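Let us go through this model by asking and answering. Sequence and coordinates come first.

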Amino acid sequence: MNFLANPMFPVSAFTSAWLKQKNDSSTAQASDAMASFVDPFGVGRAAVSYWRDSVERSVLYLDVMRQRGNQYLEHMEQTKPNVLGFDTEVLMDGRTLPRPTNYELMRVLPKEGTEIDPQKRPFVVVDPRAGHGPGIGGFKPDSELGVALKAGHPCYFIGFLPFPEPGQTVEDVVESEIAFLRHVIELHPETTEKPMVVGNCQAGWQLMMAAALEPDVFGPILIAGAPLSYWAGEHGKAPMRYTGGMTGGSWITAFTSDMGDGLFDGAWLVQNFERLNPANTYWKKQYHLYDNVDTEAGRYLDFERWWGGHVVLGGEEIQYIVDNLFVGNRLSTAQLVTRDGRRIDLRNVRSPVVVFCSRGDDITPPPQALGWIRDLYENEDDIIANDQTIVYCQHDTTGHLGIFVSGSVSRKEHTEFTANMDYIDVMPPGLYETAITPAEKGADADLYERDYLLEFMPRNFEELDRAVMHKPEDDRRFATVARISEINLGLYRLFLQPWLKATITPEAARWIRRMHPIRLGYKLLSDRNPLSVPLPVMAEMVRKNRHQVSSENIFKAFESMGSDQLVASLNAIRDVRDSSTEKVFMNVYGQPLLQAAVGLYGDAHVHRRRPGAEPEHRRFVEQRQHTLGEKYAQGGPHEAVMRSLIYVLGGSPTTDERNFKRLRASRAELEPGIKLSEFKHLVREQFFMLKLDREQALNSLPVLLDGQTNEAIDGYIQHLDHVFAASGEMTKNSADRFTQIKALFDKARPRQASKSANANAAQAPTASVEATPTQPAQKKTAAKPKTVAKPNADTKSKTDTRSRNDNKPQATTKPKASEQAKAGANASDKSNDLTNQASVTESKVKDEASQSASKKSTVTSTPEATSSDTKTNAKSTTDTRKKEPTKR
């Protein structure tokens, strides 16, 4: 293999002769016999094979690194670099807005063979601007954009340029994203659904700010790996949250921006990410390429094109982010106020929010992704009172980048999120957690529409706290860091910043950015380095005559063992570093003397009050409850069906999209003209009524169905049964609730005396009955059941029209009916009693009808009673006819 040291060595004759000798079977057999005699255990042969393979891998590895450097230089020379794997066209340029920004809105063009349905909800992906360039949300087919395009959604992408506009702020970027979404809505007048918006990492909290300011332009929001509660975290994990305290606050951010002449180099952010996992940064990632250089080169270069595409942030932007979010934690507590006086309160978000995080994420762990829920709300009822739907999903193992980069995550989680967004959009308010079940593990796999099923489980704050792990004593420590940060930043701006600004020039700042260690790592291993000239020739020769060693080689096994030992050592060093950092942070900022020195020890403001505990918010909740309390008996059969559906599904521990799809299909048949937004309003309103007063909401079902025929009521029950059957067999609790609903629906059926009952009544023996004021009403009941459904007009109020016109056969059965309706609002285990009670009431009605018919033959001999009865019932009939159009 000496020819590898000199790429100009004429090796063609040598290699051809060697290959010819290799192909000679007799010579090969003789060589193997000789080698076995000289090296009976094969150690020497294994060593030579390993040495040859390692040299070849080294050449190929260095050539891949050379390609990486060339790729970096080419990428940075582009004016609008991105790593999107799809063609795009620019629709709006943020530089043309009233307050210019370096963001732009692009339409994603589908690949050939992909059909887009313009009637479907638009899909918008916003990439993070945290040191890297744009495009990671759609740089391969199995990505967020890829799965949305496969589903037929019109897709859009919000990206950015490498350098910010002069004077650009975070608020300007938020306003730009709002303008982009308004433009997307204008492009799709044929659909009433608002765009679904996906925000990755830093873009997630930025979108939440925009949705809090302009909630009307957002559809469902998916935030993937986005930190919103920056003080939250589990002890022993998430060491990045201690960075602000260990550096003395945000003065170091201002110093770095001043060194860049007002610009903050994103390479510093990338370096912070890499320091979190030194084993992966300094060895594991590079060794994985070296070990699999024959197959991993393409994947490695694709990822490095994004990882090395560093961008620049404005100094004012990054200072705002660090002061208000990373150190101050003001977003999740509604303390941020815009320059025009608007408070950024995440409770104003009206769209469903899906939070996707991972337990394997050391940059945005679940406590930081979910802690904002606990910061804003007292309990799950507070979420419901704010008319918010919050869904969270926790992956078990994937890292931060895997949440929005991994192909397996895109094929599973993101595909299910995209397919279920319409269902999530109409889900009742509350807190839910998702679980994804593979089809092969599902009990009713034949009902699955895809490879997985996304199920939604209601959660309470006790279950949420298992993921958030909130510790009130940590709040005092981080509040101390925030105070010290303000002090140190003020001292820096007073003493050091003026001198630094006078020294740094634009050329000096540009030279400092070029000399950053990460940037140099790409440039030194590129074609600009003269030492890399022979690498492509040597790599080509190795590829033509590759001798790859098997994993059974003993020296290859020793190499893998050594690599694992090195990774374990680096991880141990990292753990010692992180634990030491945590102990120093806790001990220093937990000192009562230091907390008192910054004005926090014993201060009531340290224990942050939730915004939801304010008096004005409580008045808002009370007013909303009062408004809903007046709507229980308002509506018709559609409200009754939806209320029943929500009640029955509430008895199941999980729900999924299959019920929604059948409901939506049936809704299209029942009400073809209703829009999804109107349907969503109907679902949420009926849910609130059940939540506010379940007993009254259920007792009002017969009133909503008043005037419906038996055939119509049977159709509504069949419609509900069809929807419930979509997700397989119902649970016992849900089945009991459905039985209860059927009994309440039966109460609304029109009851008329049958001909056979009248015939039996005519043949009954005559009895002597004393004429009483109630008997005339009983007599007329047998003759005209519809008319006598009301009590006497002179003894009852005329205002309760709907409750008095229930079309019941006799007034004497009304107490039983109210008892039955009241029992129907109890727990589901009483539903069987309700059914039995209904049958008993039916038999009593028939007996009383027979008795009233027999009384008629006796009482008719009294002229005064007859005339009085005729007048009373004539008046009752007239009143009923007058109110009949209103009832219809």
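Predicted model: local features only at pLDDT ≥ 70, side-chain atom pairs only at ≥ 80, totals over all residues.

Me: Is the pairing of E3 and E4 parallel or antiparallel?
Reply: E3 covers residues 123-126 and E4 covers residues 155-160. Val126 has Ile158 as its bridge partner in E4. Four bridges join the two strands, and their sense is parallel.

Me: Which residues of E3 point the other way from Phe123 and Val125?
Reply: In a regular strand, side chains alternate between the two faces of the sheet. In E3, Phe123 and Val125 share one direction. All the residues named for E3 are buried, and those pointing the other way are Val124 and Val126.

Me: Which residue of E15 stands opposite Glu455?
Reply: Glu455 belongs to E14 and has Ala435 opposite it. E14 also pairs with E15 (residues 655-656), antiparallel, over two bridges. There, the residue opposite Glu455 is Asp656.

Me: How many bridges join E13 to E14?
Reply: E13 spans residues 430-438 and runs antiparallel to E14. Ile436 stands opposite Leu454 in E14. The number of bridges joining E13 to E14 is seven.

Me: Why is E14 largely enclosed by the rest of the structure?
Reply: Burial here means under 20% relative accessible area. E14 runs over residues 452-458. The strand is largely enclosed because its buried residues number five of the seven.

Me: How many residues of H12 are buried?
Reply: H12 covers residues 315-327 and is largely enclosed by the rest of the structure. Its buried residues include Glu317, Gln319, Asp323 and Asn324. Ile318, Ile321 and Leu325 are also among them.

Me: How far apart are the axes of H10 and H11?
Reply: H10 (residues 278-291) and H11 (residues 293-307) pack at about 145°. The contact includes Leu289 and Tyr290 from H10 and Tyr300 and Trp307 from H11. By class, it holds six nonpolar, two polar and five charged residues. The axes are apart by 7 Å.

Me: Is the crossing of H27 and H29 left-handed or right-handed?
Reply: H27 (residues 637-649) packs on H29 (residues 676-692) at about 60°, with axes 9 Å apart. Met642 and Ile646 of H27 are among the contact residues, as are Phe679 and Leu682 of H29. Nine nonpolar, two polar and two charged residues make up this contact. The crossing is right-handed.

Me: Which residues have the most contacts inside the largest nonpolar core?
Reply: This core has 83 residues. Its largest share, eight residues, comes from H29. Another core, of 59 residues, lies apart from it and includes Leu207 and Leu431. Inside the largest core, the most contacts belong to Ile741 and Phe745.

Note on methods
Residues numbered from 1 in each chain as written. Heavy atoms only, no water. Axes fitted to C-alpha atoms, helices over the stretch in contact; angles between N-to-C directions. Left-handed = near helix turned anticlockwise from the far one by under 90°. Contact = heavy atoms within 4.5 Å. Nonpolar A, V, L, I, M, F, W, Y, C, P; charged D, E, K, R; others polar. Buried < 20%, exposed > 50% of the residue type's maximum accessible area, 1.4 Å probe, protein only. Pairing = 2+ DSSP bridges. Core = buried A, V, L, I, M, F, W, Y, C linked by side-chain atoms within 4.5 Å.
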